[in-house]
Amino acid sequence: MKIQGKMFIWLSIFILAMAIVYGVWSKEPAGTTALFLAFGLSIMIGYYLAFTAKRVDAMAQDDKEADVADEAGDVGFFSPHSWQPLSLAVGGAFAFLGVAMGWWLLYFSAPLILIGLFGWVFEYYRGENQNQ
């Protein structure tokens, strides 16, 4: 985590320099503001990673002599199949289409989004996948 913290802090310094140069040369407020906000976000992430790295044990990525296999292990549990993302995608597509075509389309997209969301959250509480 020390490496990531340093990378984000150096990135934030670069973004700050680019924001200053862009602001002076272009005199355009929207892009300058966006670059300063990007600086703020990257410095927050870099500070958090550097702050957390002091309190966490050293990981394999912090060791210059480490192998790829040193970080091997379980990454997590990934669902083998699920229909809920499809419901969320269709509901989200209708919701964004509702912004373009008419707000009445949100009445049809909200139930699809809620069904997909609740189905995805509680997918492993009921049915054949309950014990996974």
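A residue counts as exposed when its relative accessible area is over 50%, and as buried when that area is under 20%. The model on screen is a predicted one, and this tour applies those cut-offs at several of its stops.

**Stop 1: phenylalanine 96**

Begin by selecting phenylalanine 96, which belongs to helix H3. Its relative accessible area is 69%, and phenylalanine 96 is therefore exposed.

**Stop 2: serine 109**

Keep serine 109 selected; this residue is part of helix H4. Is serine 109 buried or exposed? Its relative accessibility is 1%, so serine 109 counts as buried. To view its surroundings, display Gly91, Phe94 and Ala95, which serine 109 touches when residues up to four places away in sequence are left aside.

**Stop 3: the pairing of H3 and H4**

Next, colour H3, which covers residues 84–101, and H4, which covers residues 106–121. The axes of these two helices come within 8 Å of each other and cross at roughly 155 degrees. An angle over 145 degrees counts as roughly antiparallel, and H3 is therefore roughly antiparallel to H4. The crossing of H3 and H4 is left-handed.

Which residues of H3 and H4 meet? On the H3 side, select Gln84, Pro85, Ser87, Leu88, Val90, Gly91, Gly92, Phe94 and Ala95. On the H4 side, select Leu106, Ser109, Leu112, Ile113, Ile115, Gly116, Leu117, Gly119 and Trp120. Divided by class, this contact of H3 with H4 comprises 11 nonpolar and seven polar residues, with no charged residues.

**Stop 4: alanine 89**

Remain in helix H3 and select alanine 89. Its relative accessible area is 46%, so alanine 89 is classed as partly exposed. One runs to serine 109, 20 residues away along the chain, with a C-alpha separation of 10.0 Å. The other runs to phenylalanine 14, 75 residues away along the chain, with a C-alpha separation of 37 Å.

**Stop 5: the pairing of H1 and H2**

Turn now to helix H1, residues 2–26, and helix H2, residues 29–53. How do the axes of H1 and H2 cross? They come within 8 Å and cross at roughly 165 degrees. H1 and H2 are therefore roughly antiparallel to each other, and their crossing is left-handed. The contact of H1 with H2 is made up of 19 nonpolar residues, nine polar residues and one charged residue.

**Stop 6: lysine 27**

Select lysine 27, in the loop between H1 and H2. Inspect its backbone: lysine 27 is not a glycine, yet its phi is positive, at about 55 degrees. With a relative accessibility of 66%, lysine 27 counts as exposed because that value is over 50%.

**Stop 7: arginine 55**

Continue to arginine 55, which is located in the loop between H2 and H3. Its relative accessibility is 57%, so arginine 55 counts as exposed.

**Stop 8: the annotated segments**

Finally, select residues 7–25, 31–51 and 94–122, to which an unreviewed UniProt entry assigns the feature "transmembrane region". Consider two of these segments in the model. Residues 7–25 are 100% helix and 0% strand, and the C-alpha atoms at the ends of this segment are 27 Å apart. Residues 31–51 are likewise 100% helix and 0% strand, with end C-alpha atoms 30 Å apart.

How values were computed: Residues numbered from 1 in each chain as written. Predicted model: local features only at pLDDT ≥ 70, side-chain atom pairs only at ≥ 80, totals over all residues. Heavy atoms only, no water. Axes fitted to C-alpha atoms, helices over the stretch in contact; angles between N-to-C directions. Helix = DSSP H or I, 4+ residues; strand = E, 2+ residues; numbered from the N terminus. Parallel < 35°, antiparallel > 145°, perpendicular 65-115°, else oblique. Left-handed = near helix turned anticlockwise from the far one by under 90°. Nonpolar A, V, L, I, M, F, W, Y, C, P; charged D, E, K, R; others polar. Buried < 20%, exposed > 50% of the residue type's maximum accessible area, 1.4 Å probe, protein only. UniProt positions renumbered as here; feature names shortened; annotations may be inferred. Contact = heavy atoms within 4.5 Å.
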